[in-house]
Amino acid sequence: MASHDVTLETFEETVTKDGIVLLDFWASWCGPCRMFGPVFEKASEEHSDIFFGKVNTEEQQQLAGSLGIQSIPTLMAFRDGILVFNQPGALPPAQLEELISAVEGLDMDDVRAKVAAAQQQ
């Protein structure tokens, strides 16, 4: 298994890592989560340079609530500590690969400039 459990205690240190962090918010009773789980796990095995984390929303209700998770599965992508993607819904394998490629292709200097400009408003 290439993905890692993420908790309230490990969230901050996880998402502030350099590089790409993908988080899957899920619950065992959620049908779409059970369908997306193997897709996420397979991608984690194919992309060893990316941190793949799973947040069990039943066990981590405080974390899920603080992040505004209202629908699961929800996928979040962070790059160099910046949230660059946040969307509910299960992705098919091809779409997950497109997302990974898009996050890898981001110009992070441009992203940081936009974040800084937004914070000044």
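**K54 and the fold around it**

Visitor: Is K54 buried or exposed?

Guide: K54 is buried, at a relative accessible area of 14%. Buried means under 20%, exposed means over 50% and partly exposed is in between, using a 1.4 Å probe and protein chains only.

Visitor: What sort of model is this?

Guide: This is a predicted model, where local features need pLDDT of at least 70 and side-chain atom pairs count only at pLDDT 80 or more, while totals for chains, interfaces and linings use all residues. Residues are numbered from 1 along each chain as its sequence is written, and side-chain values use heavy atoms, with hydrogens and water left out.

Visitor: Which side chain does K54 make a polar contact with?

Guide: The side chain of D24, at 2.6 Å. A polar contact is a pair of N or O atoms within 3.5 Å; within protein, one must be able to donate a hydrogen and the other to accept it, and residues adjacent in sequence count only if both atoms are side-chain atoms.

Visitor: And where does K54 lie?

Guide: In strand β3, residues 51-56. Helices (H or I, at least four residues) and strands (E, at least two) are DSSP runs, numbered from the N terminus.

Visitor: New topic: which peptide bond is cis?

Guide: The one from I72 to P73, with omega near 0°. P73 sits in the loop between α3 (61-66) and β4 (74-79).

Visitor: What about phi of D80?

Guide: Phi of D80 is near 50°, a positive value in a residue other than glycine. D80 is in the loop between β4 and β5 (82-88), and counts as partly exposed at 29% relative accessibility.
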